[in-house]
Amino acid sequence: MGAGNDTHISGFLLLGLSNDEELQPLIFAVFLSMYLITVFGNLLIILAISSDSHLHTPMYFLLANVSFVDICFTSTTIPKMLVNIQTHSKVITYTGCISQICFSVLFAGWDDFLLALMAYDRFVAICHPLHYRVIMDPQLCGLLILVSWIMSALNSLLQSLMVLQLSFCTDLEIPHFFCELNQMIQLACSDTFLNNTVLYVSIVLLAGGPLAGILYSYSKIISSIRRISSAQGKYKAFSTCASHLSVVSLFYCTVLGVYLISASTQSSHASAVASVMYTVVTPMLNPFIYSLRKRDIKGALIRFFKRATINGTIVLVVKKCP
């Protein structure tokens, strides 16, 4: 394609993770498997929590929301990637690209806020156990989730509108498997100073803020656990937040790794490969982390499958009866 500047474009080319045609079936199989595991794993968490009255608590309500966001986050990017591989096409429309930016920023930001709310929930449960039911009442919990969604939605809308103001050259190849915000800004021909400024300010406020809240909550939690005299009491207190701490560590370490790799190598391909960790791998692992570490979730899943099996047996018996 020749050099030029075109504000009214029809679409972009997503170069994906590899240009090797022989690797495309393997990439398709791997990502389809990870996507299905992510969707069904997180869906099982939601079904287990919604079907078991013992899990109708703020902690599990937040966990169900995290599972919902993880499903939405991966569904924003992976299905289009799989369709492109299957149809041997790299094209994504301009509208589709802006939609990917909008929803990926929305769900990534919302996930960040929800992790911070879960840290606050654990802080109240461990540091103020007698006041837990008063502080974390359902109305406050719902309000916090609503506020976090509104803030994420406003940031997503702002970032999308900022991208809409950019003009792009006729070389419209995106070295990524989805329309990632930073890659789109780098691809623009027009001045991107304002876009970069808004992007970095939003990262500091909307990512740094929740991270600061998580670090503060866990500093208080660790301080409270250290004051517990018995080893069994310490283990019980720590076990209630071990799953969340694992997910937080996985999420922030992978995100930090992506930006460190992209900053050190200046390679868009390396950044795309590294971003698989937080866009696909982390949402896929979350159900395993929570179900393996939390007996309540495992028990709820077992009861759910038992009820499903019994109901299925009853339906079959009724159908066989004349």
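A cavity here is a set of grid points where a 1.4 Å probe fits but cannot get out.

Figure 1. The structure shown is a predicted model. One cavity of 30 Å³ or more is present, and the largest cavity has a volume of about 60 Å³. Its lining is made up of 10 residues, and M59, M118, R122, T240 and H244 are the ones nearest the centre of the cavity. Helices α2, α3 and α9 each contribute at least two residues to this lining.

**Figure 2. Surroundings of R122.** R122, one of the residues nearest the centre of the largest cavity, is located in helix α3. The relative accessible area of R122 is 8%, so this arginine counts as buried, the limit being under 20%. Leaving aside residues up to four places away in sequence, R122 is in contact with M59, Y132, I221, T240 and C241. Of these contact partners, M59 and T240 are also among the residues nearest the cavity centre.

**Figure 3. The disulfide between C97 and C179.** How many disulfides does the model contain? The count is one. The bond links C97 with C179, with an S to S distance of 2.0 Å. A disulfide is a covalent bond between the sulfur atoms of two cysteines. The torsion about the S-S bond of C97 and C179 is about -115°, and the disulfide is therefore left-handed. C97 belongs to helix α3 (residues 94-127), while C179 sits in the loop between β5 (173-174) and α6 (181-187), so the bond ties together parts that are 82 residues apart in sequence. C97 is buried, at 0% relative accessibility. C179 is likewise buried, at 0% relative accessibility.

**Figure 4. Cysteines C141 and C241.** C141 has a relative accessible area of 3% and is buried. C241 takes part in no disulfide; the nearest cysteine sulfur belongs to C127 and is 9.5 Å away.

**Figure 5. The largest nonpolar core.** Which residues touch the most other members of the largest nonpolar core? They are I49, L63, L114, I214 and I297, in a core of 49 residues. Two or more residues come from each of α1 (24-51), α2 (58-87), α3, α5 (138-164), α8 (208-226), α9 (231-265), α10 (268-293) and α11 (295-320). Helix α3 gives the most, with 13 residues. In soluble globular proteins, nonpolar side chains tend to be buried together. L114 touches L62, N65, V66, V69 and I145, when residues up to four places away in sequence are not counted.

**Figure 6. The ring pair of Y120 and F123.** Nine aromatic pairs are present in the structure. For Y120 and F123, the ring centres are 6.1 Å apart and the planes are at 35°, so the pair is tilted. Both residues are in helix α3, where Y120 and F123 are three residues apart, about one turn of the helix.

**Figure 7. Y216 and A119.** Y216 is part of helix α8 and is partly exposed, with a relative accessibility of 48%. Although Y216 and A119 are 97 residues apart along the chain, their C-alpha atoms are separated by 9.1 Å.

**Figure 8. Overview of the fold.** The protein comprises 11 helices and five strands. Of its 322 residues, 45% count as buried. Among contacts in the protein with a separation of 6 or more, 79% are between residues 24 or more positions apart.

Note on methods
Residues are numbered from 1 along each chain as its sequence is written. This is a predicted model: local features need pLDDT of at least 70, side-chain atom pairs count only at pLDDT 80 or more; totals for chains, interfaces and linings use all residues. Side-chain values use heavy atoms; hydrogens and water are left out. A disulfide is a pair of cysteine sulfur atoms within 2.5 Å. Helices (H or I, at least four residues) and strands (E, at least two) are DSSP runs, numbered from the N terminus. Buried means under 20% relative accessible area, exposed over 50%, partly exposed in between (1.4 Å probe, protein chains only). A nonpolar core is a set of buried Ala, Val, Leu, Ile, Met, Phe, Trp, Tyr and Cys residues joined through side-chain atoms within 4.5 Å. Contact means heavy atoms within 4.5 Å. Rings of Phe, Tyr and Trp (its six-membered ring) pair if their centres lie within 6.5 Å; planes under 30 degrees apart count as stacked, over 60 as edge-to-face and the rest as tilted. On a 1 Å grid over the protein atoms alone, a cavity is a set of points where a 1.4 Å probe fits but cannot get out, and a pocket is an open set with protein on both sides within 12 Å along at least five of seven lines; lining residues have an atom within 4 Å of a point. Grid points are joined across faces, edges and corners, and a volume is the space filled by probe spheres set on the points.
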